[in-house]
Amino acid sequence: MRALLVEDDLRVASALSSALRRRGHMVIPATTAAEALRAGPVDLVLLDLNLPDRDGLEVCRELRRRNADVCIIAVTARGEEQDRVIGLRAGADDYVVKPFSMAELQARIEAVMRRTARAQRAEGVLEVDPLRIDVTARRVWVDDREVSLTRKEFELLTALARQAGTVVPRERLLLEIWQTTFAAGHTLDVHVAALRSKLDDATLVQTVRGVGYRLRVA
């Protein structure tokens, strides 16, 4: 696996690079935002948010814009809940706060990569009037209008569509899509609001207070 390691602390970068290589990963180092954005295609990005030339959140958004499927894990000293929420909203798949153990980081890498692999293996088309979701091509239509969704929005809509008409608990959605319940409800609520706006139907994704969300069926 090709891993882009974006870390300006050379001591931390060296230790992480060695640990990742011992686990069989190919490491592409970057100490600045500019170097990170010049790097070629990778499978995984480990991204420090405190970079000398640009805020790591901006880098995260740009990397996500360029590649909706790349796995991004923020690895940072910013440990407040608000920082985590902002990082996840910026496009990170997971968020690891320094200091951390290599065992924890490896477990999170494996979880993120498993989820990506499951999404890539998924096949077929889901149809829940007025929606049509091509899981393989990761495309969505409302009636005959194609809708552009972010990676997380697509995964959220697909999770709801697979159980259309059934309430999907908030905790299950957080675990399935973000691999954690620490992402907090704010993240999920923001993505649901974005979905409703893009689908141009506020009643299509229904809120079941205190439980979760349900995709409306005709």
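Q: Two strands count as paired if DSSP finds at least two bridges between them. With that in hand, which residue in the hairpin of β11 and β12 takes a positive phi?
A: Keep in mind that this is a predicted model. β11 covers residues 205-208, and β12 covers residues 212-215. The hairpin has three residues between these strands, and the one with a positive phi, near 80 degrees, is Gly210.

Q: Which strands are the edges of the open sheet?
A: The three strands come in the order β10-β12-β11, with antiparallel pairing.

Q: Which residue stands opposite Gly212 of β12?
A: Opposite Gly212 you'll find Pro169.

Q: At about what angle does helix α6 run to β12?
A: Find α6 at residues 151-162 and you'll see it lying across β10, β11 and β12. Its direction relative to β12 is about 70 degrees.

Q: Is Glu155 buried or exposed?
A: Glu155 is found in helix α6. Leaving aside neighbours within four places in sequence, it's in contact with Arg115, Arg138 and Ile177. Buried means under 20% relative accessible area. Glu155 has 10% relative accessibility, so it counts as buried.

Q: Where on helix α7 do its buried residues sit?
A: α7 covers residues 170-178, and its buried residues are Leu173, Leu174, Ile177 and Trp178. Seen down the helix axis, they fall within an arc of 100 degrees, so they line one face of the helix.

Q: Which helix gives the largest share of the lining of the second largest pocket?
A: This pocket has a volume of about 160 Å³. Its lining includes Arg11, Val12, Ala15, Leu16 and Ala19, along with others such as Lys98 and Phe100. The largest share, five residues, comes from the helix that covers residues 10-22, namely α1.

Note on methods
Residues numbered from 1 in each chain as written. Predicted model: local features only at pLDDT ≥ 70, side-chain atom pairs only at ≥ 80, totals over all residues. Heavy atoms only, no water. Buried < 20%, exposed > 50% of the residue type's maximum accessible area, 1.4 Å probe, protein only. Helix = DSSP H or I, 4+ residues; strand = E, 2+ residues; numbered from the N terminus. Arc of directions from axis to C-beta. Contact = heavy atoms within 4.5 Å. Axes fitted to C-alpha atoms, helices over the stretch in contact; angles between N-to-C directions. 1 Å grid on protein atoms, 1.4 Å probe; cavity = no way out; pocket = protein on both sides within 12 Å on 5 of 7 lines; lining within 4 Å. Points joined across faces, edges and corners; volume = space filled by probe spheres on them.
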